[in-house]
Amino acid sequence: MKKAKPTKGQKILVTYGYDDKTWYEAEVKSLLSAQFTADVDVNGEKNIHMFYMYRDFNLTWKEIE
C-alpha cells in the first residue's frame, strides 16, 4: 500500500461531510504528525477548514491526477 503524504500548498481532492461522496478541490495548509489540514472549496466557498488523516488516502482524500 502506498504511503501518501501531501505537501503544504498542494492541491488535492477531498470528500466533505459524512454521506457526501463527491470529490472537492482543496489546498493543503498544515502538515501534522498523523493528519493534515486543508481549505476545501465547496460550492465556491474556500474558507472551509477541515482535517484529514494521512492513512485515509483514496478514502477521504486523493491526489489530483
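Biologist: What share of the contacts in the protein with a separation of 6 or more comes from residues 24 or more positions apart?

Modeller: Such residues account for 32% of them, where a contact means heavy atoms within 4.5 Å. This is a predicted model, so local features need pLDDT of at least 70 and side-chain atom pairs count only at pLDDT 80 or more, while totals for chains, interfaces and linings use all residues. Residues are numbered from 1 along each chain as its sequence is written, and side-chain values use heavy atoms, leaving out hydrogens and water.

Biologist: Why does the radius of gyration of the protein agree with that of a compact globule?

Modeller: The rule, over C-alpha atoms, is 2.2 Å times the number of residues to the power 0.38. For 65 residues that gives a value near 11 Å, and the protein has 11 Å, so the two agree.

Biologist: Which helices and strands do you find, and how many?

Modeller: Zero helices and five strands; helices would be DSSP runs of H or I with at least four residues, and strands are E runs of at least two, numbered from the N terminus.

Biologist: What makes a set of residues a nonpolar core?

Modeller: Its members are buried Ala, Val, Leu, Ile, Met, Phe, Trp, Tyr and Cys residues joined through side-chain atoms within 4.5 Å; buried means under 20% relative accessible area with a 1.4 Å probe, protein chains only. The largest such core here has 15 residues, with Phe36 and Trp61 among those touching the most other members. Strand E3 gives the most to this core, with four residues.

Conventions:
Buried means under 20% relative accessible area, exposed over 50%, partly exposed in between (1.4 Å probe, protein chains only).
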